[in-house]
Amino acid sequence: MAEKKTRIAVLVQNELNLDLNQVFHEAVEMGAEIVNTPLYHTQDTAEVIQAAKGFDYVVAGREPWNAEVLNACADHLKGIARFGAGFETVDLEAAASLGIAVCNAPGVNSKAVAEQALALTLALLRKIAMYDRDLRDGGVTAKMTQTLEGTVALLGFGNIGCEFAKLLSVFPVKVIAYDPFPNYQAANALGVEIVDLETAVKTADIISLHLPAVKNMKDFICKETIAEMKDGVYIINTSRGYVVNEHDLVAGLRSGKIAGAALDAFKVEPFDPDSELKTLPNVVLTPHSAAVSTQAVRMVFQHCAGVIANYMRGEDPRSLLNPNYALHRAE
């Protein structure tokens, strides 16, 4: 009887039209078949199951990998490679209990996201998006804008926060950062002052969010936190929509307490077409696109391919998120 072929489902878009057999060449050389079935960030569990069932490995996007999906795919599924750093869409405990390894791609797209954070900051301060809209509608009058100066607080000082700090070094700003596990060595090298969360929130002119979607960060930006901020603060979010209470953010923007917000992540994705955020002139919106650059996407594909090849060779997968999966793995 012929040996069963290893099957890998790539559930993200291949917008670069990469030769996936070449990207996953190590796995292909070990006999793997690559199938690209992009799910376009669906939240329909039945659709995820239909696309992933029967595969040994998946490259996962933002679709849900909850206990229902994992159990339905567990007969064959050995590993999930998340296409990016975030992993809040995957139930790590359920995956571990089924012997399914889950890996992500930390730091691979950090430069791209940091560039977007800077671009959003400048677009907000210099009213670039507003000018573009006004000119298209026949407006010709320049309005007062702000240059990038003052105190910038980075809430989260991991790979992306560090990259953003590097970009900010050419501007006349003081950069402070909060992180529950601060990297003092990186902070010293970049001239960043590590502070507590209260200080970061209260003293910043610009707050840039680089927070994970963990339970204690849900709705961190809320009316209580906003009340502690400086009047006229700017908020940038290139992390997760989970950390922002959008209703309270809108209230702060309408009142003027928040001078402006630039957002690349939202509570509901794809973005809710009826969101109040669309009606506000002091808001810049992008569709969770910070990590989507040609260079970053190529590198994330290569990382995911390497992770799966590691596993197929019997090596410990890189960037493993649930090491206890091995206790339940079927030999």
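The following dialogue explains how to read selected features of a predicted model.

Q: On what basis are residues numbered and values computed here?
A: Residues are counted from 1 along each chain as its sequence is written, and side-chain values use heavy atoms, with hydrogens and water left out. This is a predicted model, in which local features need pLDDT of at least 70 and side-chain atom pairs count only at pLDDT 80 or more, while totals for chains, interfaces and linings use all residues.

Q: In what order do the strands of the open sheet lie?
A: Helices (H or I, at least four residues) and strands (E, at least two) are DSSP runs, numbered from the N terminus. Two strands pair if DSSP finds at least two bridges between them. Here five strands form an open sheet with parallel pairing, in the order β2-β1-β3-β4-β5. Its edge strands, β2 (33-36) and β5 (101-103), each pair on one side only. On average, neighbouring strands are turned by 15° against each other, direction ignored; axes are lines fitted to C-alpha atoms, for helices over the stretch in contact, and angles run from 0 to 180 degrees between N-to-C directions.

Q: Which residues of β3 are buried?
A: Buried means under 20% relative accessible area, exposed over 50%, and partly exposed in between (1.4 Å probe, protein chains only). In β3, Tyr-57 and Val-59 on one side and Val-58 and Ala-60 on the other are all buried, which leaves both faces covered. Strand β3 runs parallel to β1, with three bridges between them, and Tyr-57 stands opposite Ile-8. Four bridges join β3 (residues 57-60) to the parallel strand β4 (residues 79-82); there Val-58 stands opposite Ile-80.

Q: Through which helix does the chain cross from β3 to β4?
A: A crossover is right-handed if, with the strands pointing away from the viewer, the path from the first strand over the helix to the second runs clockwise. The chain passes from β3 through α4 (residues 67-73) to β4, and this β-α-β crossover is right-handed.

Q: Why is β6 described as largely enclosed?
A: Strand β6 (residues 150-155) is largely enclosed by the rest of the structure because five of its six residues are buried. Six bridges join β6 to the parallel strand β7 (residues 173-178), where Ile-176 stands opposite Ala-153. The β-α-β crossover from β6 to β7, through helix α8 (residues 159-168), is right-handed. Strand β6 also runs parallel to β9 (residues 206-209), joined by four bridges.

Q: How many residues does the largest nonpolar core have?
A: A nonpolar core is a set of buried Ala, Val, Leu, Ile, Met, Phe, Trp, Tyr and Cys residues joined through side-chain atoms within 4.5 Å. The largest has 30 residues, and those with the most contacts inside it include Leu-155, Ile-207 and Leu-249. Elements that each supply at least two residues of this core include β6, β7 and β9. Apart from it lies another core, of 28 residues, among them Val-12 and Tyr-311.

Q: How many disulfides does a search of the whole structure find?
A: A disulfide is a covalent bond between the sulfur atoms of two cysteines. The criterion is a pair of cysteine sulfur atoms within 2.5 Å, and the search finds zero. The sulfur of Cys-73 is 17 Å from the closest cysteine sulfur, in Cys-103, too far for a bond. Cys-103 is in no disulfide either; the nearest cysteine sulfur, that of Cys-304, is 9.0 Å away. Cys-73 is buried, with a relative accessible area of 1%, and Cys-103 counts as buried at 3%.
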